[in-house]
Amino acid sequence: MCCESKRRFLLLYATQKGQAKAIAEEIWQQAGAHGFEADMHCISEMDKYNLETEEDPVVIVISTTGTGDPPDTARKFVKKIQDKTLPPDHFAHLQYGLLGLGDSEYMFFCNGGRTVDRRLQELGAQHFYDTGLADDCVGLELVVDPWIDGLWLALKEALQLQKEKEDMNNAVNPVSSSLSTAPHAVDELKLSSEVQNLKLEDEGARSSDILSQKLDGINLVAPAADTKPSLVHSVPPVSQSALNIPTLPLEYIEVEFQDNQGENPHLSSLISEGTTFEVPVTKAVQLTREDAIKTALLIELDIADTAFDYQPGDAFYVICPNNVSEVEDLLHLLGLSEKGNDLVCVTVKQGTKKKGASRPQHIPERSTLKFILTWCLEIRAIPKKAFLRALVECTSDVGEKRRLQELCSRQGASDYTHFIRDSNVCLLDLLHAFPSCKPPLSLLIEHLPKLQARSYSVSSSDLYQPGRLCFVFNVVEFPASPSRAVSRKGVCTGWLAELVAPLLHPSKNSLNTKGESSLIEKISIFPRPNNAFHLPADPSVPFIMVGPGTGISPFIGFLQHRQKLREKHTDWEFGETWLFFGCRHQDRDYLFKQVYYELRCFVENGTLTHLKVCFSRDSSTAEVAPPKYVQDILRLCAKEVARVLLKERGYFYVCGDKKHMADDVSDAVLDILSMEMEADRLEAMKVLAMLREAKRYLQDVWS
């Protein structure tokens, strides 16, 4: 052991957007209070640790990205441990506990963590603590908080047994002699996000290790019996409880304002994922009627003078700013309205105790305050509990301070979920709700995540429209709620809609002599190639496309590409094509029925063999009600779908909403396979899994 007073363990994290790192930092910070020393590293820093010789317990926090991949920072590590030449006892000496992060909206939930966990087990490593799987769909904290609480006792026992082993100098396996689990079983404890499944062992022993926030100095007034809780108001038992609150996060950022003005960095400097391109917007079309529930827009970009390259099925990122009025409001609430154009120098605070502290990569060393709030920080982000804990220290009103403590406490977990997470409350909402809270800019830089570029599916083909790139999106609307007094549009979709408004509704002043818009707006984009969601390499193979609403977007590119291939290669054999499309109303939001491209043209020229449509909100007087959803039409075409997939080895593509469509489509395909194969559902599931594995059942979905 490297330290007599503090018991060491190795803490590794693998993060994509910062969640796993933030949780690892919370563990590192709590470790000292529990008598441990956490040796923390990103899992990619393989020169700073060595699992082959590691003797102390290892704690791993790992997220999942894409459709079930480990995060980019874990790629080298995963590749290394996947080496098939490694013996089954390669990590027999290793004791570890793993916390996986994921989102159950996606099929391969926590697959990044599961992959590492499974492989470590195959190589002989032993759990000293059960695996936790946290679900961002319902709230990571529902699993993360109790998992961290239970970690300290497990570490204590593991290190005690390790010491006994050293003292006795025998071959007793420290894990198998202490844990009730079988020594070689994976025993993956999927700490369910349902609260009733969060059963912690030895609650009494562990509770003594939990830091409590007492009610000292706070006068509690019993509320009226009919009072209901809200963002700013609590009721018993929360309002009268002693609180278990997170450890105060360590400060590590120093901000210095300079009166002189200067140049802001180029947006490309904020992007580490690849080359960015600033391209003109050449066209914008509203695809839905004004009375449609959602507004769908198509935007066309000119990429002719760039090296931007894409295939139908690819996606790309749009770099977008925060809403101007929200930035101004935030500046006002922070008392910094007069300093918006001042230069800000951001450095690491001297003497900070935060391990490995550095200026966040997405924050320039020198830029204006407005630039940071507009282009760098996700000011709409739902505040984490650690951020709420830090905001407590910036709040002067006793009642407001108490409520913020409740919202970040264990006792207030339900209130946090209901009034902050589920209500999409952001920092701006909190500052309005708690007016005595005046955080410094440094705290925002420490706790607000990077403003992420937004991803969109390509809706065009370079063969069909050389030098042009199109994409389709709904303008996202967030209605007002009790926790948030104002409605908002999506950060990127709202900005894009405002940007192209002159193209949608040109005024006389904005038209040139040809009657075309003279306003040329530019946006910055960078590619996000999709390695799988592409047309079959063999054009003779049939394929089925399922894309309700804006999910039709990539399939327009598919059909454009197929049409040009048919025109160019008249001697080729082309497989049949199916498109299943659905929307609410035939006359309001039937995308591409009569606007821009017309789907019927693809049918008439033979590019699209079968077009199947349905309308979920249109009334019908027919004796037999027409199908409402795409999964309903799929079932009506069961024999054809089964023929394409099973006999003709065709492809099946799904694009659109994950929660309300993709899972239902998957269920429909399972029913079809089961019925047409005359097999049970388990057998159908195996076939569908084989189709996914062969990249013949492909999804491009979002939640």
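Colleague: In which strand does Ala134 lie?
Modeller: This is a predicted model, and residue numbers here refer to it. Ala134 falls within residues 132–135, and that strand is β6.

Colleague: Is Ala134 buried or exposed?
Modeller: Residues count as buried under 20% relative accessible area. Ala134 has a relative accessibility of 0%, so it counts as buried.

Colleague: Which residues does Ala134 touch, not counting those up to four places away in sequence, and how far apart in space are Ala134 and Leu99?
Modeller: Ala134 touches Gly100, Leu101, Gly102, Phe109, Cys110, Leu140, Val143 and Val144, with residues up to four places away left out. Leu99 is 35 residues from Ala134 in sequence, while the C-alpha to C-alpha distance between them is 7.4 Å.

Colleague: Where is Thr368, and is it buried or exposed?
Modeller: Thr368 belongs to strand β12, residues 366–368. Beyond its neighbours within four places in sequence, Thr368 is in contact with Gly262, Asn264, Gly340, Asn341, Asp342, Leu343 and Val344. Its relative accessible area is 7%, so Thr368 is buried.

Colleague: What span should helix α19 have, and how far apart are its end C-alpha atoms?
Modeller: Helix α19 covers residues 681–693, which is 13 residues. At 1.5 Å a residue the helix should span 18 Å, and this agrees with the distance between its end C-alpha atoms, 18 Å.

Colleague: Why do the buried residues of α19 line one face of the helix?
Modeller: The buried residues of α19 are Ala684, Val687, Leu688, Leu691 and Arg692. Seen down the helix axis, they line one face because they fall within an arc of 145°.

Colleague: Which residues of α19 are exposed on the other side, and what covers the buried ones?
Modeller: On the other side of α19, the exposed residues are Leu682, Met690 and Glu693. The cover over the buried residues of α19 includes α17 (638–647), α18 (658–677) and β22 (697–702).

Colleague: Which residues of α17 are buried, and within what arc do they fall?
Modeller: Ala638, Val641, Ala642, Val644 and Leu645 are the buried residues of α17. Viewed along the axis of α17, they line one face, since they fall within an arc of 165°.

Colleague: What covers the buried residues of α17, and which residues are exposed on the other side?
Modeller: Elements covering the buried residues of α17 include β18 (543–546), β19 (577–583), α16 (630–636), β21 (651–657), α18 and α19. On the other side of α17, the exposed residues are Lys639 and Lys647.

Colleague: How much space lies in the largest cavity, and how do its lining residues divide?
Modeller: The structure holds 3 cavities of 30 Å³ or more, and the largest has about 90 Å³ of space. Its lining includes Leu270, Ile319, His362, Trp375 and Lys450. By class, the lining divides into 8 nonpolar, 2 polar and 1 charged.

Colleague: Which element gives the most to the lining of the second largest pocket?
Modeller: This pocket holds about 530 Å³ of space and is lined by 30 residues, with Asn323, Ser325, Glu326, Arg380 and Arg488 nearest its centre. Elements giving two or more residues to the lining are α6 (324–333), α11 (427–433), β16 (488–489) and α13 (491–504). With 5 residues, the element that gives the most is α13.

Definitions and conventions. Residues are numbered from 1 along each chain as its sequence is written. This is a predicted model: local features need pLDDT of at least 70, side-chain atom pairs count only at pLDDT 80 or more; totals for chains, interfaces and linings use all residues. Side-chain values use heavy atoms; hydrogens and water are left out. Helices (H or I, at least four residues) and strands (E, at least two) are DSSP runs, numbered from the N terminus. The expected span of a helix is 1.5 Å times one less than its number of residues. Buried means under 20% relative accessible area, exposed over 50%, partly exposed in between (1.4 Å probe, protein chains only). The arc is that of the directions from the helix axis to the C-beta atoms. Contact means heavy atoms within 4.5 Å. On a 1 Å grid over the protein atoms alone, a cavity is a set of points where a 1.4 Å probe fits but cannot get out, and a pocket is an open set with protein on both sides within 12 Å along at least five of seven lines; lining residues have an atom within 4 Å of a point. Grid points are joined across faces, edges and corners, and a volume is the space filled by probe spheres set on the points. Ala, Val, Leu, Ile, Met, Phe, Trp, Tyr, Cys and Pro count as nonpolar, Asp, Glu, Lys and Arg as charged, and the others, Gly among them, as polar.
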